[in-house]
Amino acid sequence: MLTNLLRKTNDRLVFIIMGLLVPLFVLLPLVQIVIKAFGDPSRYYLILLESQALFDGVISTFELVIKVGLFTSTIGFLFAYIMTFYQVRWQKVLNILIILPLAIPVYVAAYTYTNIYYYLPFLETVFKTPFFMNGSVFIYTLFLYPYVYLASKSYLKKNLTDYIEASHTLGRSKWSLFFKIILPLSRPVIIGSMLFALFETLSDFAVVEYYGVLTLSRYVNLAWFSQGDLVTASKFALYILVMMFFLIFIERLSRTKKRYASAEVIHRPIVKEIPNIYEKIIIYGFIFSIIILGAVLPIVQMLLSVIMNYHYIPRLDILLITFNTLKITSISIVLIITIALLLTTITIYLKGVKRHLLSTISVIGYAIPSMVLALGLYLVFIKIDIFLYRLFSPIGLNSMLFTSSILILIIGFFIKFFSIAYSNLISAYNRMDHALLETSEILGENKLSTLIRVNIPILKRSIIAVAIILFIDMLKELTIVYSLRPFNFKTLSTEVYRYAGNEMINVAAFPSLIIIILCALLIIYLEEGNKK
Amino acid sequence: MKKLLMFVVLALSIFGLAACQESKQEVNVYTTRHYDSDDALYAQFTEETGITVNIINDKAPALIEKVKAEGDVPQADVFFSADAGYLALAKNEGILQTVSSEILAENVPSKYQDVDDMWFGLTKRARVFLYDKSIDPTGLTYENVTTMFPGEIIARSSSNIYNQSLVASLVEVLGEDAATIWVNELVSNMARVPEGNDRDQAVAVANGDAKIAIANSYYYGKLVNESDESSSYYGVTDTVGIYFPNQGEDETGVHMNISGAGVIKNAQNKDNAIKLIEFLSRTDVQESFSATNYEFPVNESANMSTLLQSWLDDQNVTELKEQTINLSVLGEHNETAVIIMTNASWDNPSHLSN
């Protein structure tokens, strides 16, 4: 029945509406920033311009981005390579442990590491050094590399069998296979996923402040929180956005230069190699050291904190806040994936400038610092709310429709995280055989029903990967929830934020651990349950 | 047609959901404070009065922008902030209204009230020195700290509002030029690049990274009562003490900042809002702030907790001498303070870079 309804729907209209509405929506908070940014500069801003501060900020931001980019992509991609091409023991458990660091918000990680350094001072001597920018590069790398791992793994699994077999036939060595074939072919995926790690690094100010590193995002924070200098904050937010666009531009370049399409949809499974003893030492040494630093140590530290602060547990209302968390994340994930599927379908039918414009606009959301996004959104929706309120209060509307409900929270999530779903699905689409879609249409299906009957089953694995990233990202998102939630609405992340902000990281450990457990359960369910 | 009908039903049901929230006695609070102890006091208020307290916490500038955008249908009734500068900002942005309350006039000393009765201080915190107990801090002041302990001082970053307010208060007390010299002197005597939070400053002193840290008295109370032995904060106060500077006869007094609240303009529950602020100023509630959240009461008939009293006793201070400034000036001088700190490279002291 549904498909019948779909066949009759005028898909062109649906697509046009979506193609216009979504970008418009994502642009809303950006417009706010741009308008504010062109306001008259404050005295503080002028002083910053005169002093060395702005220049230094740009330099250290670049240094941070380059180092974090290099390390996250190296670690993330090597992990994906090892897990795909080698037989590794405890594969399932290791896979989860490799992803888990992503479930720990970077600043919770930074605070938690203060306690870890307290026990293991030699780690502090190694990682809290100028090379790691007083420890900030270490934290961002360790807790953001899973972005690259997740994307690279699903790419490697599917797309390279043919090339590898050809290469084997030609008698190439393992090294030349890796450097001449696998790495160049994977470059767009690595860079694309690394961008998310960098966006998160660029918009975070808590870790750099904690470690005393002066980056641009700290000036957004500084201006905004001293006397609410929104103009200066917006100017700096805009500078950061320019940097992000620069990064997006580079990514586009890397993508358009070369495009390797795979002819088949169903690939032969990769034959995994058994590592020799030297490879074993390197592989396990590498995996274990990163896992211990990124997952085991922080989790053990948190467990310890929970035990030591058990008397706080009853205060936390853990069932209610977990329920609230799951409510907003599940609604948002379904909404985002549905709309992302529609919009990616539109995108692949578009050509040239329109296509670039649509895909660039749609990824902006993630690049906007959450703090700025949340406020921008509130300012827009309170206007809409007041309008509705005036209109309907005579007939009984007695509260704000969006801003005093979780609707605005879901919209905030949508704008922030839509880009993750969109860009991942687009790259999955690009790898898909488009002849299939044409066949479907020749057989009389319209684009919408093709989407449901052909695309979704093929993209299933990518959709699952997107759902995992979305879930993890939403669970740990603090600023948007904190700034847009209705009265008395608490989630796991707001409690983490509240206690961490009150310098009680050990109490924040409990909700943090619940977040980690939920993520682990979801990864197990989606990754393992799906194979059967 | 069917679809249209479905849409209408959906719209109506959302609308109905929003509309059916029954009206009850309540008060809506926008607060920057995020303490369990506050929640306990709100619960006590509800129990006593039957008025439900609804809370949104956020950073002050965000809350102020929200109230401004809400215009004449504000969503909150009370604005509660942990810094006097933000209270002044809220007033200047025109989001507060004058409150005339005999109870508040009696409970809150006039120096902790806005001149136009738009906000009322409720608790106090001192910006103090935490010191390595192996040294003798006697006679320490904000002014002489750099000569008494050259190169041995640490503080957190300049984006911390309490540091900004400290500098703003010195702009008022000493004048802009002297405050600039003071900040420059301090920065050139920093033992490390500002990092970490207030409690981490104490840890750094305990680890021997510095002799003196600038921190908030409230966090020292949390350190004293840290029971988590696995925490790096545990046991820090064994070797780190608290010192209230500028207590000598001709000295200017310690810098005190306040948490305070005001009623938002056009508040829908104005009476309840006033009741809540009055409640928070009451003697027993003030004592509760002091006992559970290590803050100084503003109500003079309230006793400070034994812990706070012991700090004063240890320093032989009978009556704590505070800066004699109107706290509104913290807001006025905030930009100047931030500029002074920026020009002095507070967050990247030149003698420590590279």
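1. A residue is called buried here when its relative accessible area is under 20%, exposed when over 50%, and partly exposed in between (1.4 Å probe, protein chains only). Helices (H or I, at least four residues) and strands (E, at least two) are DSSP runs, numbered from the N terminus.

2. A word on the ground rules: this is a predicted model, in which local features need pLDDT of at least 70 and side-chain atom pairs count only at pLDDT 80 or more, while totals for chains, interfaces and linings use all residues. Residues are numbered from 1 along each chain as its sequence is written, chains are lettered from A and ligands numbered from 1 in the order in which they are written, and side-chain values use heavy atoms, leaving out hydrogens and water.

3. Among the buried residues are Leu492(A), Glu495(A), Arg498(A) and Ala500(A). Following the helix comes Glu503(A), with a positive phi near 55°.

4. Most residues other than glycine have a negative phi. Asn134(A) has a positive phi of about 55° and sits in the loop between helix 7 (121-127) and helix 8 (136-144) of chain A. Asn246(B) has a positive phi of about 60°, in the loop between strand 8 (240-243) and strand 9 (255-264) of chain B. Asn134(A) is partly exposed, at 21% relative accessibility, whereas Asn246(B) is buried, at 1%.

5. Now turn to chain B, where helix 11 (residues 270-281) and helix 12 (residues 283-293) pack at about 65°, their axes 5 Å apart; axes are lines fitted to C-alpha atoms, for helices over the stretch in contact, and angles run from 0 to 180 degrees between N-to-C directions. That makes the two helices of chain B roughly perpendicular, a label for angles of 65 to 115 degrees. Phe279(B), Leu280(B) and Ser281(B) of helix 11 meet Thr283(B), Val285(B), Gln286(B) and Phe289(B) of helix 12, where contact means heavy atoms within 4.5 Å.

6. Finally, find Thr31(B) in strand 1 (residues 26-31) of chain B. Thr31(B) is buried, at 1% relative accessibility. Leaving aside residues up to four places away in sequence, Thr31(B) touches Ile55(B), Ile56(B), Asn57(B), Asp58(B), Leu63(B) and Phe80(B). A polar atom of the Thr31(B) side chain lies 2.9 Å from the backbone nitrogen of Arg33(B).

Note on methods: A polar contact is a pair of N or O atoms within 3.5 Å; within protein, one must be able to donate a hydrogen and the other to accept it, and residues adjacent in sequence count only if both atoms are side-chain atoms. Angles under 35 degrees count as roughly parallel, over 145 as roughly antiparallel, 65 to 115 as roughly perpendicular and the rest as oblique.
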